[in-house]
Amino acid sequence: MSNSGQLSQLQSKSPTLVELDDGSSIRVSDIGDKNRSAKAIVNFTGSNLVSLLSWNALPKIVNNSGINKKLELDKGIEVGDKGKKVTTEVWKSSFSLSEDFREDFLKELAELVPEEIFTGNVQSALIVRHISQPSKLGEGEWSLDLVANLVFFSHGDEVNRAISFNKKIFVRAIDTPALPNNPSEAQKVAYKVRKAGMEIFKIQDLKL
């Protein structure tokens, strides 16, 4: 009976096989509704900050011969009422932000985006120098320190200027509802970004 009880406990903690939307399967373990692994938090934060601060209006595809073919310039998406814009990819990535933070952050970001981004003459990239392990603030909430440079390029590879981007990032766990039947394109974009079960709800300057 003792052995049976121990086996039962082991079975209840064993990984579960889960099928993803694309048909692939992964093994997952139950870590609680508001818990996230340190690796998942770092990956979510780093990848989304890089997407939000890397601006490029020159989307490309690879044709059958393996040669890059330029598409039309990204016209961007207007933010606020001043005619300022962010790139479409930045708008998509902004769904990683909480709703009460997203609009104001996009407006501030749009003020930083040079008009030359949308002519294809300038591009930017966030170069991450350091991202700390998450510090737990409370149930389902963490902060991370990010040390990075926002670098602007002209003519593909010539560095125009670099801006320090040293921030404290605040992240929390969320529940991600399943997609409805016949979802809109915006719903698909939001779900893709938020299916990690986290959101960034605040960004502050980091004092070094």
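Mentor: Begin with a cut-off: a residue is called buried when its relative accessible area is under 20%, and exposed when that area is over 50%. Keep in mind that the model is predicted.

Trainee: Is Ser 96 buried or exposed?

Mentor: Ser 96 is found in the loop between helix H3 (88-93) and helix H4 (99-112). Its relative accessible area is 0%. The cut-off for burial is under 20%, so Ser 96 is buried.

Trainee: Which residue has its backbone oxygen 2.7 Å from a polar atom of the side chain of Ser 96?

Mentor: Leaving out residues up to four places away in sequence, Ser 96 touches several others, including Phe 44, Asn 48 and Glu 199. The backbone oxygen at 2.7 Å from its side-chain polar atom belongs to Ser 93.

Trainee: How are the rings of Phe 101 and Phe 105 arranged?

Mentor: The structure holds four aromatic pairs. In this one the ring centres are 5.4 Å apart and the planes stand at 45 degrees. Planes under 30 degrees apart count as stacked and over 60 as edge-to-face, so the pair of Phe 101 and Phe 105 is tilted.

Trainee: What is the relative accessible area of Phe 105?

Mentor: Phe 101 and Phe 105 both lie in helix H4, four residues apart. Phe 101 is buried at 16%. Phe 105 is also buried, with a relative accessible area of 9%.

Trainee: Which residue lies over the face of Phe 170?

Mentor: Both Phe 170 and Phe 201 are buried. At 4.6 Å from the ring centre of Phe 170, over its face, lies Lys 202.

Key:
Residues numbered from 1 in each chain as written. Predicted model: local features only at pLDDT ≥ 70, side-chain atom pairs only at ≥ 80, totals over all residues. Heavy atoms only, no water. Helix = DSSP H or I, 4+ residues; strand = E, 2+ residues; numbered from the N terminus. Buried < 20%, exposed > 50% of the residue type's maximum accessible area, 1.4 Å probe, protein only. Polar contact = N/O pair within 3.5 Å; in protein donor to acceptor, adjacent residues only side chain to side chain. Contact = heavy atoms within 4.5 Å. Phe/Tyr/Trp six-rings, centres within 6.5 Å; stacked < 30°, edge-to-face > 60°. Lys NZ or Arg CZ within 6 Å of the ring centre and 35° of its normal.
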